[in-house]
Amino acid sequence: MSSIPVAIVGVGNCASSLVQGLYHYANGGSNDEQGLMHWDLAGYRPKDIQVVAAWDVDARKVGRDVSEAIFAKPNCTAVFCDHVGMTGAKVSMGRVLDGVSDHMNTYHEDRRFVVSDAPQATKASVVEELKRSGAQVMTNYLPVGSQEATEFYADAAITAGVAFVNNIPVFIASNPVWAERFRAAGVPILGDDIKAQLGATIVHRTLTDLFAKRGVTLDRTYQLNTGGNTDFLNMTNKDRLASKKTSKTEAVQSVAHSRLDDDNIHVGPSDYVAWQNDNKVCFLRMEGRMFGGVPLNLELRLSVEDSPNSAGVAIDMIRCAKVALDRKLGGPILVPSSYFCKHPPVQTTDDEAFAALEDFIAGTVN
Ligand SMILES: NC(=O)c1ccc[n+]([C@@H]2O[C@H](COP(=O)([O-])OP(=O)(O)OC[C@H]3O[C@@H](n4cnc5c(N)ncnc54)[C@H](O)[C@@H]3O)[C@@H](O)[C@H]2O)c1
């Protein structure tokens with residue numbers, strides 16, 4: 001089985017967990033399978049993924065091997081792998097566009113992005129690097145609100161014929177215009193907005209589905225989230241949040257028995273608490289009525305390290321993108337997008353999406 005050469009856009013905390021995970025699982029036997037949804041996915045194991053190219057704009061990351069850049073500030077996620085080897089892939093200077101929010105400048109350098117003064121990438125330079133490196137899949141980890149920057153890298157991926165995995169809530173796979181561009185070029189796109197392994201979204205969806213299946217009317221709900229990484233700092237700029245809020249709210253609304261009025265559902269990032277670093281805490285409340293209209297309520301607090309929580313899902317998405325390339329599929333790859341993402345082109349329940357995913361992996365549906 002051939003390897004899966006991958007290009008990373010945005011070498012932040014999520015990229016750190018992904019790269020650490022590739023080394024953590026590289027030589028693993030059965031005891032090391034814990035933490036992944038799939039060990040072997042259509043013949044591909046985690047060790048088959050190799051990072052061959054990367055872009056960032058932070059002066060502490062640009063020019064360094066990816067294996068060093070993932071541990072540079074302001075990254076602050078857990079270090080769970082102490083044997084990350086040199087990848088041979090150096091972080092290239094990206095194109096800033098709308099990737100960096102000005103409001104961050106009032107924070108200490110250790111907590112925020114520091115933009116490099118190296119010459120910025122052009123579309124031609126990104127396409128050239130994708131071709132030179134042999135990348136087959138590009139995975140997007142830009143900050144929330146990076147509409148122009150995401151479109152810049154997605155456009156380069158189309159031109160280079162590289163599959164695109166969109167982990168962030170900028171709508172590309174679920175935007176009909178972009179979906180058609182990928183379809184016309186015969187290039188796979190998976191997205192949008194990665195759904196973490198056991199995060200606030202999947203827990204909230206599962207409980208909402210449970211209310212519906214048990215005949216409990218859901219009247220009101222909130223999901224408040226706090227964290228202390230650059231993702232949360234970036235999201236204190238509310239102007240960058242529109243699509244994030246849509247993505248997270250629709251993920252819950254889409255499995256409710258009937259849609260809640262906007263006033264009765266509140267889902268989103270709520271505050272930046274620096275000392276939490278990459279720890280994310282979710283406070284969830286659901287109010288409803290059961291038999292005889294008698295009220296009930298549920299309160300839940302979920303505490304997770306944010307970035308490793310999505311890295312195993314990312315490993316599966318990258319492998320599904322490679323499977324799509326092997327099968328010569330282009331445009332939105334619907335089945336894995338529905339299972340792995342918060343805002344896919346097609347929303348289904350997680351049970352339906354999981355069954356369909358296993359069929360996709362087995363090759364009985366595309
Ligand atoms: N952790 C999860 O479970 C999860 C779930 C869903 C979505 N996401 C999304 O994934 C994305 C990445 O999250 P993260 O925690 O790694 O964020 P991060 O802030 O740690 O990393 C973002 C990186 O992008 C770089 N960057 C900024 N502008 C750039 C540009 N124009 N070109 C290239 N690089 C640029 C920054 O320097 C930084 O290294 C975020 O949008 C986040 O919301 C994460």
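# A briefing on the predicted chain

The chain holds eleven helices and eleven strands, and the topics below take you through some of them.

- Is Ala353 buried or exposed? Ala353 is buried, because 22 other C-beta atoms lie within 10 Å and the cut-off for a buried residue is 20 or more.
- Leaving aside residues up to four places away in sequence, Ala353 touches Ser338, Tyr339 and Thr348.
- Ser338 is 15 residues from Ala353 along the chain, and the C-alpha atoms of the two are separated by 6.0 Å.

**The chain as a whole**

- A compact globule of 366 residues would have a radius of gyration near 21 Å, and the 20 Å of this chain agrees with that.
- Along the principal axes, the C-alpha atoms fill a box of roughly 65 × 50 × 45 Å.
- Of the 366 residues in the chain, 49% are buried.
- Take the contacts between residues at least 6 apart in sequence: 79% of them join residues at least 24 apart.

**Helix H3 and what covers it**

- Helix H3 covers residues 123–133, and its buried residues are Val126, Glu129, Leu130 and Ser133.
- Viewed down the axis of H3, these buried residues fall within an arc of 100°, so they line one face of the helix.
- On the face of H3 turned away from the buried side, you will find the exposed residues Ala124 and Arg132.
- What covers the buried residues of H3? The cover includes strands E1 (4–9), E2 (49–56) and E3 (91–93), together with helix H4 (147–160).
- After H3 comes Gly134, which has a positive phi, near 75°.

- E1 and E2 run parallel and are joined by six bridges; Ile8 has Ala54 of E2 as its bridge partner.
- E2 and E3 also run parallel, with three bridges joining them, and Trp55 stands opposite Ser92 in E3.

**The four-stranded open sheet**

- Four strands form an open sheet in the order E8-E7-E9-E10, with mixed pairing.
- Which strands stand at the edges? They are E8 (265–272) and E10 (295–305); each has a single partner strand, so one side of each is left without a neighbour in the sheet.
- From one strand to the next, the twist averages 10°.
- Strand E7 (residues 217–227) runs parallel to E8, and seven bridges join the two. Gly227 stands opposite Tyr272 in E8.
- Helix H6 (residues 200–213) packs on the sheet and touches E7, E9 (279–289) and E10. The direction of H6 makes about 15° with that of E9.

Terms used: Residues are numbered from 1 along each chain as its sequence is written. This is a predicted model: local features need pLDDT of at least 70, side-chain atom pairs count only at pLDDT 80 or more; totals for chains, interfaces and linings use all residues. The radius of gyration is taken over C-alpha atoms; the globule rule is 2.2 Å times the number of residues to the power 0.38. A residue is buried if 20 or more other C-beta atoms lie within 10 Å of its own, exposed if 12 or fewer, and partly exposed in between; C-beta atoms are placed from the backbone. Two residues are in contact if their C-beta atoms, placed from the backbone, lie within 7 Å. The arc is that of the directions from the helix axis to the C-beta atoms. Two strands pair if DSSP finds at least two bridges between them. Axes are lines fitted to C-alpha atoms, for helices over the stretch in contact, and angles run from 0 to 180 degrees between N-to-C directions.
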